[in-house]
Amino acid sequence: MTPGLRELQQAFARAVFEDDAALYPHIRDCRFDDGNESRAAVQGRTGCGFGVERLVNVYQHNTSANLTDALAAVYPVVKRLVGDGFFDFSADRYWHAHPPISGNIHDFGDSFPDFLAGFEPARTLAYLPDVARLEWAWHRAFHAPDPEPMDRQQLADIDPAEYGNLRFRLHPSVCLIKSVWPVLRIWEAHQQPGEPNLIDIDQGGETTMVIRRGLEVVVERLPPGEYAFLESLARSEPMASACEAALIADMTTDIPALLNRAVEQKTLVGLVRL
C-alpha cells in the first residue's frame, strides 16, 4: 500500500527530529488521498526545486532556530550563565532528545532543568538545573490561570477547633523551590543588563516561592517555617500537618500571622472541609 498524507507527516517529522536519512525514501513514496504525489515526492524524483534531503535540512534549520529561541526566552539567566554558544549547543541536544509534544510553544522546555542535571558538559555547573527550575517556575506562573480569590468569610465562619482538618488549595501559579544553592541570589543578579555582581555559590541554599499576583510574577525568599507550611499544604495535607511541619522547621513561626498573610495575598485560593 502506497504511504499517504499521515505517513508523510510522520516520516517527515521523524526525519527532522531524529535526523534519520533512512526515512527519505518513505517521504518520496508518499501520495495524498486524491492519488497525487506529494511535492517532496515529485521534487525528489525529478530534481526540480528542492529535493527531499534539502527540504528536510531547511526544516531542521528552522526548527532548531525556533526551538532554541523559545528556550532562550524562558531561560535567559541560564543562557547568560553559560554563554550563547554553550546554550545553543545544549538547546540543540535537548530538542532532539525531547521534541515538543504540544501545539502550544509555551509548553516546550518543561524538562530542560532535568536535562541539564544529566547533561555531561554541564556537570561542573551543579547549580544550573535549580536556576533553570526557578526560570521555568516563573514562565509557568506567568501563563497560569487566575482563579477567584478565597472568600475570607468562608474561613471566618468555621469553628477554629476545626481548622486542623482543613485542606487548602494554593494559587495555580505557585511553585515552591528548595535548593542547596543560592539560586534566587543568582537569578536576582542577572535581572539587569550589564555585568552581574559576583555570587558566592557556597554561601548556602534558599527556599523560594514563585507566584503571580495580578499581572506580576513575584519571586520571594521564604523563611523555613513558611516554606514548610506551604509545602505541606501543596501536598494536600491538612492544616494540622502543615502547622507541625512549620514548627519543626522553625519553632518561632507565627502560624496565625502566616495563615492570615497567605489568605490576604491570595497564595491560598480555596479550602476543603473534611
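Me: What should I keep in mind about the numbering and the model?
Reply: Residues are numbered from 1 along each chain as its sequence is written. Because this is a predicted model, local features need pLDDT of at least 70 and side-chain atom pairs count only at pLDDT 80 or more, while totals for chains, interfaces and linings use all residues, and side-chain values use heavy atoms, with hydrogens and water left out.

Me: Why is the pair of Tyr75 and Trp136 called stacked?
Reply: Rings of Phe, Tyr and Trp (its six-membered ring) pair if their centres lie within 6.5 Å, and planes under 30 degrees apart count as stacked, over 60 as edge-to-face and the rest as tilted. A search of the whole structure finds 11 aromatic pairs. In the pair of Tyr75 and Trp136 the ring centres are 6.5 Å apart and the planes stand at 20°, so this pair is stacked.

Me: What makes this pair a tie between parts of the chain?
Reply: Helices (H or I, at least four residues) and strands (E, at least two) are DSSP runs, numbered from the N terminus. Tyr75 sits in the loop between helix 4 (52–74) and helix 5 (76–82), whereas Trp136 belongs to helix 8 (residues 128–143), so the pair ties together parts that are 61 residues apart in sequence. Both residues also belong to one aromatic cluster, which includes Phe86, Phe87, Phe112 and Phe119.

Me: How do you know whether Tyr75 and Trp136 are buried or exposed?
Reply: Buried means under 20% relative accessible area, exposed over 50%, and partly exposed in between (1.4 Å probe, protein chains only). Tyr75 has 0% relative accessibility, so it counts as buried, and Trp136, with a relative accessible area of 16%, is buried as well.

Me: Which residues have the most contacts inside the largest nonpolar core, and what makes it a core?
Reply: A nonpolar core is a set of buried Ala, Val, Leu, Ile, Met, Phe, Trp, Tyr and Cys residues joined through side-chain atoms within 4.5 Å. The largest one has 36 residues, and those with the most contacts inside it are Leu71, Tyr75, Val78, Phe87 and Phe112. Its largest share, seven residues, comes from helix 8. Taking contact to mean heavy atoms within 4.5 Å, and leaving aside neighbours within four places in sequence, Val78 is in contact with several residues, among them Phe87, Phe112, Leu128 and Val131.

Me: Why is the contact between Arg133 and Asp130 called a salt bridge?
Reply: Side chains of opposite charge can pair when their charged atoms come close. A salt bridge is a side-chain nitrogen of Lys or Arg within 4 Å of a carboxyl oxygen of Asp or Glu. The closest N and O atoms of Arg133 and Asp130 are 2.5 Å apart, and the two residues form a salt bridge. Being three residues apart in helix 8, they are separated by about one helical turn. Asp130, at 14% relative accessibility, counts as buried, whereas Arg133, at 31%, counts as partly exposed.

Me: What makes the salt bridge of Glu226 and Arg261 a link between distant parts of the chain?
Reply: Their side chains meet at 3.3 Å, N to O. Glu226 is in helix 11 (residues 224–234) and Arg261 in helix 13 (residues 255–264), 35 residues apart. Glu226 has a relative accessible area of 12% and is therefore buried, while Arg261, at 34%, counts as partly exposed.

Me: Why is strand 5 described as largely enclosed?
Reply: Four of the five residues of strand 5 (residues 268–272) are buried, so this strand is largely enclosed by the rest of the structure. Two strands pair if DSSP finds at least two bridges between them, and strand 1 (residues 167–170) pairs with strand 5 in the antiparallel sense over four bridges. Within this pairing, Leu268 in strand 5 is the bridge partner of Leu170.
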